[in-house]
Amino acid sequence: MAMAEERDTSVAAPAPVAPTPVVPPPRGRRRPAPRRRSGVSKVRRTTALLLVAALVATGGATVPEPPDSGWASPGLVGGGGWPFAGVPLAPDQAEGASYLPDSSVVRLADGRIRLVPSGGDTPITVDASDPRVDRAVRSDRTWLAQGTVPASGGHRDMAARALLDLRLLTRPNGASLASWYSKWRYCWPRDSAFTVAAFTVTGHPSEARRVLRFLARAQNENGMWAARYNPDGTAVADGRAPQLDSLGWVLWAAWFYRVRANATDELPTLWPMVQRAADHLARSLDAEGLPPASSDYWERDHRREEDPRRPTLGVVGPVLAGLRSAADLARMRGEGGKAAEWRRAAQRVSDAVARQFAPYGYPRSPLRGGLMDTSVTFLAPPFAPADAGVTVAIGDAERKQALPNGGVLPGERWSGTPDVAWTPETALFGLNAAASGRTDEAMSRLSWLSAHRTSLGVLPEKVGPTGMPAGPAPLGWTASLVLLSLSALERPLPIP
């Protein structure tokens with residue numbers, strides 16, 4: 001989840017607003033001649049434009065999403081067969097619609113069935129008796145049965161839907177898309193890393209392997225990844241700088257896959273990717289043991305952070321998890337020299353966290369009075385061993401980011417819409433609780449997420465103040481986090 005630039009309007013220019021339609025005057029009446037704009041109105045208009053420009057430059061946070069945003073859909077219509085294709089259900093077909101159990105086939109209010117035929121990419125509407133309906137449903141159920149659908153707390157339905165949605169968002173070449181809408185229809189390496197972990201923990205290693213191989217092919221020779229990729233695997237050339245946290249997340253995902261799936265056969269294939277990424281991270285550390293400043297899952301220019309000179313916890317946490325993961329992968333491969341080198345680098349980062357972030361309560365930027373954000377969970381299970389001080393900081397962040405609707409903001413004093421909750425951040429707090437043994441807290445977060453799904457039961461990106469979805473659904477990152485959380489309640493997750 002990444003929280004891509006378009007997904008976080010505090011980062012970039014706001015989404016384009018549709019022009020206001022021009023209403024013609026009633027027949028028989030002449031349109032009045034336009035009045036000359038007064039000097040006062042010119043000044044007001046200029047001031048307003050400057051204000052909007054300033055808001056965009058500093059985040060664009062208060063520029064509202066247009067009412068007809070284009071992302072409104074209760075979920076994806078799918079079907080059995082290969083390749084799996086998901087097409088959003090039109091909002092005007094949503095009322096009274098529901099998925100046939102354990103499938104991506106939709107029953108409309110009139111009893112007819114909406115699905116994507118096997119091998120196709122265009123949805124059709126057929127009678128319930130059409131044999132393609134049974135084939136599609138049977139295909140989805142067979143795939144689910146090949147793995148495990150976590151069911152803690154009665155949330156099996158949410159888990160099955162999340163799994164099926166992740167499959168619909170993952171292209172045959174392994175590109176795992178954030179969502180279906182144009183501004184989200186890209187592959188972010190950090191989102192993909194969590195998709196790998198979700199497929200792994202639910203017993204779908206072939207899907208996890210496909211995503212990892214996509215990432216290995218996309219990686220640059222210097223170990224970096226572009227900020228995001230098109231579905232065909234080409235980097236998006238929009239001037240967005242590479243984001244250092246993605247290296248840490250992909251290393252963690254590769255390690256998670258190797259350990260949880262016991263995939264010894266894949267390590268030789270993935271090793272060049274691991275070595276390039278880990279070497280890049282180890283070389284990037286400064287004299288203090290910190291990586292360079294970079295944007296992170298907020299997708300915000302690091303120069304706009306409270307401390308623009310140093311990296312945020314959203315970068316440092318994944319870098320630490322990634323180096324620890326790489327060191328363990330090297331150990332398992334018998335690469336003693338690399339294991340020791342990356343272990344030393346991880347220790348330098350850990351020591352820097354203790355010096356730079358811990359004294360201030362683990363804020364987003366390492367300074368006194370620094371604001372809290374969800375990235376404090378990156379220093380805790382399942383990404384790092386439990387630490388009492390970090391646990392206290394997580395509780396502090398939860399309180400400061402809490403919203404009346406029960407969800408959380410991405411960070412304290414969030415510059416975006418102040419009353420809209422983000423589901424990935426809510427789910428990250430839930431994942432930490434589940435991985436740390438705080439079962440009641442984890443169940444509370446999961447229950448909130450379940451209660452705020454779309455009418456089709458799909459997890460959206462955001463939830464508005466009235467409890468309605470306020471972003472595209474499904475969001476792959478949230479689906480992955482929910483699956484990891486439910487799995488952690490049934491069986492402990494490995495921690496690097």
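Are Glu305 and Arg364 buried or exposed? Both are buried, where buried means under 20% relative accessible area, exposed over 50%, and partly exposed in between (1.4 Å probe, protein chains only).

This is a predicted model: local features need pLDDT of at least 70, side-chain atom pairs count only at pLDDT 80 or more, and totals for chains, interfaces and linings use all residues. Residues are numbered from 1 along each chain as its sequence is written, and side-chain values use heavy atoms, with hydrogens and water left out.

1. **Glu305 and Arg364.** These two residues form a salt bridge, with the closest N and O atoms 2.7 Å apart. The pair links distant parts of the chain, 59 residues apart. Glu305 sits in the loop between helix H7 (267–284) and helix H8 (313–333). Arg364 sits in the loop between helix H9 (336–356) and helix H10 (388–401). Helices (H or I, at least four residues) and strands (E, at least two) are DSSP runs, numbered from the N terminus.

2. **Salt bridges overall.** The whole structure holds 30 salt bridges. The criterion is a side-chain nitrogen of Lys or Arg within 4 Å of a carboxyl oxygen of Asp or Glu. Side chains of opposite charge can pair when their charged atoms come close.

3. **Asp102 and Arg156.** This salt bridge has its closest N and O atoms 3.0 Å apart. It joins the loop between strand E3 (98–99) and strand E4 (106–107), which holds Asp102, to helix H3 (residues 156–169), which holds Arg156. The partners are 54 residues apart. Asp102 is partly exposed, at 25% relative accessible area. Arg156 is also partly exposed, at 33%.

4. **Asp238 and Arg228.** Here the closest N and O atoms of the salt bridge are 2.8 Å apart. Both residues lie in the loop between helix H5 (205–218) and helix H6 (245–260), ten residues apart. Asp238 is partly exposed, with a relative accessible area of 35%. Arg228 counts as buried, at 5%.

5. **A network.** Asp238 and Arg228 also belong to a network of salt bridges.

6. **Helix H4.** H4 covers residues 189–201. At 1.5 Å a residue, its 13 residues should span 18 Å; the expected span is 1.5 Å times one less than the number of residues. The end C-alpha atoms are 18 Å apart, which agrees. H4 is mostly covered: 13 of its 13 residues are buried. Just after H4, Gly203 takes a positive phi of about 80 degrees.
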